[in-house]
Amino acid sequence: MSNVLITGGGGFIGLALAESIAARGDIAVAFDVAFPVNRTPSPRLQFVRGDVTDTAGVIAAVRKYDIHRVIHAAAIVGIAPSAEMATTVIRVNVEGSINVFEAARIHGVSRVIHMSSEEVYGEYATPIVDEGSPTFPQMPYGATKLATEHFSRAWRNMYGLEVINLRIACVYGPRLPRARIPKILVDAVAAQQELHLPEGGDSPMDHTYVDDIVAGTLAALDHPTHPFDVYNLGTGSAPTVFDVVAVLKEIVPTARISVGPGEIKHPGGYAMPRKGALNSQRAANVFGYRPRFDLRAGLSAYLASVKRETG
Ligand SMILES: NC(=O)c1ccc[n+]([C@@H]2O[C@H](COP(=O)([O-])OP(=O)(O)OC[C@H]3O[C@@H](n4cnc5c(N)ncnc54)[C@H](O)[C@@H]3O)[C@@H](O)[C@H]2O)c1
């Protein structure tokens, strides 16, 4: 049994991770500035309110719960917030990460998993990218994720702390909090509403179902030794928004959703760099990562969960 701190453990991916860790018999300590209101703690799943920018608070939590391993998922996520409050995002995403590394170092934590992002690649140089592809983030969010990867190497070099960076794809599934693809389309289908998106149909993206990211993250957490400190986690394909709409219409033939051509623009009008698919062969070879959900299976599961939630 192992005590695992999950920063950002009240969020979309962090809470899914915390629940899986508790369900398999480890102790999950979810650390976040906010939690969903209807969550009750259990002996295996603790909720600790705290802020990663508070160095003493992070160290105290790691010490109090005698943490063995950390999954660092706390961040201010998304392109638009990172553009509108860049200094705050740097403080939370980069300084907060350094606080987590420091607390882990001081307490002798054996491994930290940092939930990095495919945003580190910026404009994809090729339709499918691997860990050796150029990293050229074009917005502050991706820059904070890449900076954190670099700081993780500094903490390894200076102190021997093991930090594994997982560059995860565009994750979707139950409780996805952001109004983006595929959430806005799935919500419209679940509510039987008509929705036409005027543009964005041509944008490709590696949409990965949250259960696959949870399974891959836990496999990376548990793997005895890592020959690399960075891995992609995605599906290896990059359906366009046209494809997402088409698959949702296959699942629900009466769905009244459509999208126009062109590239997606972020809220605020920022052009989205051209994306593509993540090659996750390295994660497959080292720790057996195998995504189980193709787009149709993932969208079906997501839609079913939204329908259950909304009655
Ligand atoms: N969802 C995706 O598609 C995606 C893709 C690539 C990478 N990621 C990364 O995965 C991680 C989790 O993302 P998510 O989609 O679950 O987002 P999320 O917004 O649901 O979760 C992030 C959590 O961090 C918490 N948080 C923010 N500031 C904090 C602070 N100062 N102290 C403590 N907690 C704080 C938030 O309250 C939130 O619960 C993030 O690091 C994100 O960068 C997500």
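## Notebook: the contact between domain 1 and domain 2

I began with polar contacts in this predicted model, and between domain 1 and domain 2 I counted 9 residue pairs in polar contact, both residues of each pair being at pLDDT 80 or more. I then looked up which elements make up the side of domain 1 that touches domain 2, and those giving two or more residues are helix 1 (12-23), helix 3 (79-84), strand 6 (128-129), strand 7 (163-168), strand 8 (170-172), helix 7 (210-222) and strand 11 (230-233). Sorting that side of domain 1 by class, I noted 19 nonpolar, 3 polar and 9 charged residues.

I went back to the domain assignment of the protein chain, which gives domain 1 as 3-171 + 208-233 and domain 2 as 175-205 + 238-278 + 293-310. The C-alpha centres of the two domains lie 26 Å apart, and for the contact itself I found 31 residues of domain 1 against 19 residues of domain 2. The area buried between domain 1 and domain 2 came out at about 2,000 Å², with carbon and sulfur atoms giving 62% of it. On the domain 1 side I noted Phe12, Tyr124 and Tyr209, which supply 28% of the area that domain 1 buries against domain 2, more than any other three residues.

**Salt bridges.** I searched the whole structure and found 17 salt bridges, while the count between domain 1 and domain 2 is 3. What does Glu19 pair with? I found a salt bridge between the side chains of Arg175 and Glu19, at 3.2 Å from N to O, and Glu19 also forms a salt bridge with Arg39, where the closest N and O atoms are 2.5 Å apart.

**Backbone entries.** I checked the peptide bond from Ile181 to Pro182 and recorded it as cis, with omega near 5 degrees; Pro182 lies in the loop between strand 8 and helix 6 (183-190). I also recorded Asp66, which has a positive phi of about 45 degrees although it is not a glycine, and I placed Asp66 in the loop between helix 2 (55-64) and strand 4 (69-72).

**The whole chain.** Last, I looked at the protein chain overall, which has 10 helices and 13 strands. Taken along the principal axes, the C-alpha atoms of the protein chain fill a box of roughly 55 × 45 × 40 Å.

Technical notes
Residues numbered from 1 in each chain as written. Predicted model: local features only at pLDDT ≥ 70, side-chain atom pairs only at ≥ 80, totals over all residues. Heavy atoms only, no water. Domains from an automatic or database assignment. Contact = heavy atoms within 4.5 Å. Buried area = accessible area lost by both parts, 1.4 Å probe. Salt bridge = Lys/Arg side-chain N within 4 Å of Asp/Glu carboxyl O. Polar contact = N/O pair within 3.5 Å; in protein donor to acceptor, adjacent residues only side chain to side chain. Helix = DSSP H or I, 4+ residues; strand = E, 2+ residues; numbered from the N terminus. Nonpolar A, V, L, I, M, F, W, Y, C, P; charged D, E, K, R; others polar.
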